[in-house]
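Please look over the structure below. Some questions and answers about its fold follow.

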Amino acid sequence: MSKKSFRQAINEALRQEMQRDPRVILMGEDIAGGQGGSAGIVDAWGGVLGVTKGLYTEFGPERVFDTPISEASYIGAAVGAAATGLRPVAELMFVDFVGSCLDQIMNQAAKFRYMFGGKARTPLVIRAMYGAGFNAAAQHSQALYPLFTHIPGLKVVVPSSPYEAKGLLIEAIRDDDPVIFLENKVMYDDEEEVPDEPYSIPFGEANLTREGDDVTIVAFGRMVNFANEAADRLEKDGISCTVIDPRTTSPLDSATILECVEDTGRLVIVDESSPRCNMATDVAALVAEQAFDALKAPIRQVVPPHTPVPFATVLEKLYLPDAARIESAVRSVMAYKKTKQDA
Amino acid sequence: MTDLITPITMPKFGLAMTEGKITSWNIPSGAHVEAGQEIADIETTKITNGYESPASGTLRRRIATEGETLPVGALLGVLAEPAVSDADIDAFIAKFQADFSSGSTADTQADHAEPIMVSVGDLTLRVQEAGQGDATPVLFIHGFGGDLGNWMLNQNALSTDRRTITFDLPGHGGSSKNVGDGTPAGFAATTAALLDKLAITSVHVVAHSLGGAIALDLARTCPQKVASLSLIAPAGLGQGINMDFIEGFISADRRKTLEPVLNYLVHDKTLISRQMVEDIIRFKRLDGAIQGLQTIAKACFPHGRQAEDLRPVLVSFSGPAQIIWGEADEVLSPDDAKNLPDTIPVTLLPLTGHMPQLEKAADVNAALIKFVK
């Protein structure tokens with residue numbers, strides 16, 4: 001056990017699974033790094049943010065390879081490799097690039113098991129960076145997990161910390177279905193205690209990072225940290241919150257969300273993806289339909305506006321949900337009084 | 001004058017503790033306290049425990065307020081005889097706080113070394129050592145599903161004049177997950193090999209639950225290594241075992257299902273903290289952990305009964321032996337301590353469950369210290 005960064009936790013998960021299972025291979029743009037660069041350095045980059053660094057040196061060109069800048073071709077190749085016996089982990093770099101290879105994911109990988117009557121397996125992991133706050137502009141900052149969540153046949157993971165990232169990535173690699181694994185690019189230097197040994201965290205089991213009586217906060221990925229921060233501040237004022245990290249948006253642990261809302265009667269959802277048809281609307285619909293009687297106040301969503309992610313730093317800061325906005329949403333549902341008497 | 005003033009500082013209950021909260025003071029300011037008297041309750045993320053006064057004297061100042069959270073080593077209060085002037089106490093406090101904020105005293109209480117990894121044959125064991133001195137060392141052996149953290153309230157208390165060793169058994173905590181055949185005899189062989197590796201010829205053994213059966217097997221196979229036996233709610237002395245605990249511990253994979261299982265361990269259910277449940281869930285997620293527990297359960301508790309009868313070993317053990325048991329134990333029955341020779345003292349603790357070393361740490365530590373001296 002030692003402190004590891006989000007980046008190190010992911011690197012360690014990849015390394016340990018590659019050691020354990022020779023069928024695990026890595027492919028992506030610049031993940032070996034430097035092939036074709038001016039100095040011809042091998043293993044120079046480890047992906048644009050250094051997550052796979054060292055793996056090329058340890059496992060060699062047979063198992064870690066740089067691909068051409070053609071998402072359609074290498075994601076397609078990874079889908080085919082998975083269907084024919086390997087367990088590829090393909091890195092899409094920025095999740096925004098999915099537009100170039102959506103057919104391979106949506107119409108091929110996600111459909112094989114269903115359309116071949118369960119006779120085909122596609123043990124594929126696609127890793128990609130997501131999220132705003134990195135000053136990377138509108139084409140490199142989106143939080144597209146709702147897009148994948150919408151597609152039956154895909155599993156979608158949004159880890160919230162280094163410990164979570166390692167265990168969930170190992171689970172993703174061992175899973176026989178295609179898994180989209182989304183890493184918030186602002187979190188790579190976050191650190192916490194992470195076991196040195198391999199471990200796996202099951203999909204579809206939410207984690208309660210705080211437990212309280214007054215308000216349930218459901219948050220995704222990086223937003224879990226902001227929700228915890230808000231909950232800790234509110235606790236000092238006597239408002240106690242449950243914070244739910246669903247870990248996976250597909251499958252979604254709706255049972256835990258419903259149980260917590262039944263206990264607290266109030267719900268705030270924090271989602272950094274664009275606000276229409278996102279996880280906040282999905283969870284709000286779930287609770288409105290199945291736990292309506294438990295609600296003591298309207299459901300509040302803490303989400304960005306429906307615009308592309310701004311490049312200007314001040315605007316990007318204004319765009320993203322933060323702990324202060326979560327705190328004020330919680331206070332508003334606590335302050336809510338029903339104006340009409342119940343009939 | 002400062003040698004007449006004793007600072008009361010935030011204790012460190014176990015390796016992971018960095019801060020604690022004073023939940024209540026049990027002694028009013030100005031009252032006399034005896035060394036060992038519980039003066040405050042301290043809550044950590046893992047457990048709430050009474051804090052015993054390090055010395056006798058008058059509680060001249062209570063610095064920490066109830067509800068306050070402070071780092072390990074922080075000044076909670078000051079003990080001194082009435083003869084010491086208020087001015088001297090104020091000066092002492094000012095100096096302590098200045099030193100503490102500059103970091104020079106921060107680790108005086110926390111001189112606990114980090115655990116080390118020790119190779120024993122094919123296995124790697126996580127070992128935590130504390131203390132030094134010439135007296136015979138103490139070895140602690142935890143039980144099924146436990147780890148060295150089970151001794152967090154005991155190890156330091158025994159470390160004042162001797163070396164003490166806690167470790168994670170194979171399959172547990174941070175040790176290798178290969179449990180071999182999963183029998184107490186197998187674990188006893190590993191324990192003997194660990195002692196050899198640490199160059200320790202003889203130890204007082206303090207063992208809990210399944211660790212008790214391991215200690216008895218160690219006494220059978222290597223009697224020369226065992227100076228004395230202190231068995232806390234030990235296995236090996238009867239047939240009964242709460243299989244709902246064993247099976248539930250193995251199968252429960254989330255807080256909601258695990259917490260009721262862990263409730264079997266203690267009489268005061270509030271002791272099972274969120275952090276304790278989370279730590280066990282995290283342990284069980286490690287590759288090989290659940291398989292290891294299954295192998296142990298099958299080897300030690302086949303058909304829902306304890307496999308091995310180690311009573312004869314205890315009866316014929318030539319060194320001193322004692323038994324400590326919680327009267328409200330819901331995992332192993334304290335009735336198993338009946339009908340033993342009079343030479344083996346049995347301490348039954350009222351309103352105490354299966355983990356007296358956590359639930360009644362002060363009583364257990366007193367019994368252990370008396371025994372090893």
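Q: What share of the contacts in chain A with a separation of 6 or more comes from residues 24 or more positions apart?
A: This is a predicted model, in which local features need pLDDT of at least 70 and side-chain atom pairs count only at pLDDT 80 or more, while totals for chains, interfaces and linings use all residues. Residues are numbered from 1 along each chain as its sequence is written, chains are lettered from A and ligands numbered from 1 in the order in which they are written. Two residues are in contact if their C-beta atoms, placed from the backbone, lie within 7 Å. Of the contacts in chain A with a separation of 6 or more, the share from residues 24 or more positions apart is 76%.

Q: Why does the radius of gyration of chain A agree with that of a compact globule?
A: The radius of gyration is taken over C-alpha atoms, and the globule rule is 2.2 Å times the number of residues to the power 0.38. For 343 residues a compact globule would have a value near 20 Å, so chain A agrees with its radius of gyration of 21 Å.

Q: How many helices and strands are there in chain A?
A: Helices (H or I, at least four residues) and strands (E, at least two) are DSSP runs, numbered from the N terminus. By this count chain A has 12 helices and 14 strands.

Q: Is strand β14 of chain B largely enclosed or open?
A: A residue is buried if 20 or more other C-beta atoms lie within 10 Å of its own, exposed if 12 or fewer, and partly exposed in between, with C-beta atoms placed from the backbone. In β14 (residues 226-232) of chain B, six of the seven residues are buried, so the strand is largely enclosed by the rest of the structure.

Q: Which residue stands opposite B:Leu231 of β14(B)?
A: Two strands pair if DSSP finds at least two bridges between them. Strand β13 (residues 203-208) of chain B pairs with β14(B) in the parallel sense over six bridges. The residue opposite B:Leu231 is B:Ala207.

Q: What is the bridge partner of B:Leu229 in β15(B)?
A: β14(B) also runs parallel to strand β15 (residues 321-326) of chain B, and four bridges join these strands. In β15(B), B:Leu229 has as its bridge partner B:Ala321.
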